[in-house]
Amino acid sequence: MRLTTAQALVRFLANQWTERDGAEQRLIAGCLGIFGHGNVAGIGQALAEQGAGTGGALPYYPARNEQAMVHTAVGFARTRDRLSTLACTTSIGPGATNMVTGAALATINRLPVLLLPGDVFATRAAGTLLQELEDPRSPDLSVNDTLRPVSRFFARIDRPEQLPAALLAAMRVLTDPAETGAVTLALPQDVQAEAFDWPEELFTRRVWHVARPVPEPAALDRALEMLRRSRRPLVVAGGGVKYSGACETLAAFAARHGVPVAETQAGKGALPHDHPCAVGAVGHTGTAAANTLAREADLVIGVGTRYTDFTTASRSLFGQAAFLNVNVTAFDAAKHSGETLVADAREALGALWPDGWRAEADWTDRAASLAAGWRAETDRIYGGAELTQPVLLGVLNEIAADGVVVNAAGSMPGDLHKLWRAADPGNYHVEYGYSCMGYEIAGGLGVKLAAPEREVFVLVGDGSYLMMAQEIVTAVQEGVKLVVVLVDNRGFASIGNLSEAVGAHRLGTAHRTRGPAGELDGPYLPVDLAANAASLGADVLRATDRESLREALVKAREADRTTVVYVETVPGPAPDTTAWWDVPVAEVSRDPVTRAARERYEDAKRDQRPYL
Ligand SMILES: Cc1ncc(C[n+]2csc(CCOP(=O)(O)OP(=O)(O)O)c2C)c(N)n1
Ligand SMILES: [Mg+2]
């Protein structure tokens, strides 16, 4: 079949499917893009020819920023439990390198996205190109090589003949739960337009079976033995529990053996918040309940977790516990010198049924009473009179109970992790692997594209909003309805607090004008973010207190257009932090505040362990 390389690529992608547990879905459900000279004549022509604009096999969604496109694909893939994703096409040069941040986010969060940057001519016939890096040492280096370290698979297609094998390798990585992440096919602009005779078999329907690897029998025996010896076990549930669809199996495991379950950011919602074994968030942004148990546990059963510093309180949290790590990725399973169970989370939890074994009754009861204490504390915090951020979250929690809350960076992820009551696994979507400002609206768009039946509530701080709000336009264009709750506290509350704690005196963290003495201590910046949102095509509602917030959220939930609820929060106490985070403080300073911070730092650091 004679087609251009780009036409062949589009035709191939439209025929890829995944299958798990007997259910099939499109692997590449559509293509996001921004055109330039590096892709318009190749991929652009191919998409137009297959009818992308009018419901062709690979629907095309024009976006506003290439980084944001990758966030949208990530939001989509996460919502679909990694079984389906979107492709992203860009021009060469800045369009392509704009995707580096999105690619890092995808790879770090172990979420599949397919990136299709244009690249400089393979023939080099045209000489130095617009936007070409032109490295004097090597003409085959291009700016796209910046995507290599953040991609799980990278191939540059310098000849049409290279395409079929690269496509198959790319699809394998996208659908392998252990290897998945950003996958990049860099497409020189001349090769995109070049015709070639392709074998028909390349375009037949292909189903990628997404594996559920089962535990090795000897490893399972060791794991069962470890459970039988444990009296005070604690499960740390990560994102892998959700992606594998292991939530019900985990709930049954916990109930049957009396094991408390704590959750990471990616794992939050694995158990419904009112499950008798749920003890909530763990780590630096964890609940007092989960963190107390983490300090006393004799066994930590990590399921589908990467053990980031937020989860382990920078390796200071888990007292003297041994680790049993269930993970589909051997790399993660091996962390903390754990006993490893390299397997799909659902399969592994289903096989971990040591007859007659239960956690000590005192331990299970203590976990339940600590969790009850945290629920009461949450009620108290949610019930506050003033419109502080935690109170805002409490009002939203009620109204979004069957929707999805989306967030990524700032002070909200910590408050959400501690306080939010997730009713089901899909209710909570906080990107905290890369914690990337700007993920919120773009990612929320992907969530809504993947789950149009759910109301999506994007929570975004003023700092994140200013960094990347433009995908509101894409949501309006697609008729995809989002509720965006824009929380304005005039600057970086999170980093401001951190700055103060490490002796950096909040330098540059408030949105203020430069004052007469040359410091940034003048009046607050005269910025109207609500007007900005309206100018992008959203409906805007303003809320000033608890009641008007509730009314606005209800109205926004019922609306059929993308609606921004603009709220200025009043400063108020955040829920207590009961575990450390390692952010090194200056070892020498003339400033007594910094010296005191350093002393506190050195004190806390003594609890850090190597877990050898
Ligand atoms: C792209 C990016 N740049 C910088 C940071 C570091 N950072 C984390 S939170 C934050 C401030 C966020 O401000 P805002 O969205 O207003 O949230 P707030 O802290 O006020 O709740 C910054 C700068 C980041 N996470 N992502
Ligand atoms: Mg802010």
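Colleague: Why does the radius of gyration agree with a compact globule here?

Modeller: For 612 residues, the globule rule puts the radius of gyration near 25 Å, and the protein has 25 Å, so the two agree. Keep in mind that this is a predicted model.

Colleague: What box do the C-alpha atoms fill?

Modeller: Roughly 70 × 70 × 55 Å, taken along the principal axes.

Colleague: And how many helices and strands?

Modeller: The secondary structure comes to 24 helices and 23 strands.

Colleague: What percentage of the residues count as buried?

Modeller: 57% of the 612 residues. As for the surface, the protein exposes about 23,900 Å². Carbon and sulfur atoms supply 54% of that area.

Colleague: What share of the contacts join residues at least 24 apart?

Modeller: 75%, counted among contacts between residues at least 6 apart in sequence.

Colleague: Charges next. How far apart are the mean positions of the positive and negative ones?

Modeller: 3 Å. There are 58 positive and 72 negative charges.

Colleague: Switching to the metal. Which protein donors does the magnesium ion (ligand 2) have?

Modeller: D462 through OD, N489 through OD1 and G491 through O. Along the chain, the donors follow the spacing D-x26-N-x1-G.

Colleague: Where do D462 and N489 lie?

Modeller: D462 is in helix α19, residues 462-467. N489 is in the loop between β21 (483-488) and α21 (493-501). The pair therefore ties together parts that are 27 residues apart in sequence.

Colleague: Is D462 buried or exposed?

Modeller: Buried, because its relative accessibility is 2% and the cut-off for buried is under 20%.

Colleague: And what does N489 count as?

Modeller: Partly exposed, at 25% relative accessibility.

Colleague: One more spot. Where does V593 lie?

Modeller: In helix α24, which covers residues 592-605. V593 has a relative accessible area of 40%, so it is partly exposed.

Colleague: Which residues is V593 in contact with, leaving aside neighbours within four places in sequence?

Modeller: G503 and H505.

Colleague: How far is V593 from L416, going by C-alpha atoms?

Modeller: Those C-alpha atoms are separated by 30 Å. Along the chain, V593 and L416 are 177 residues apart.

Definitions and conventions:
Residues numbered from 1 in each chain as written. Chains lettered and ligands numbered in written order. Predicted model: local features only at pLDDT ≥ 70, side-chain atom pairs only at ≥ 80, totals over all residues. Heavy atoms only, no water. Helix = DSSP H or I, 4+ residues; strand = E, 2+ residues; numbered from the N terminus. Rg over C-alpha atoms; globule rule 2.2 N^0.38 Å. Buried < 20%, exposed > 50% of the residue type's maximum accessible area, 1.4 Å probe, protein only. Contact = heavy atoms within 4.5 Å. Areas by Shrake-Rupley, 256 points an atom, 1.4 Å probe, with all protein chains shown as cover. Lys, Arg positive; Asp, Glu negative; His and termini not counted. Charge placed at Lys NZ, Arg CZ, Asp CG, Glu CD. Donors = N, O, S within 2.8 Å, 3.2 Å for Na, K, Ca; no water.
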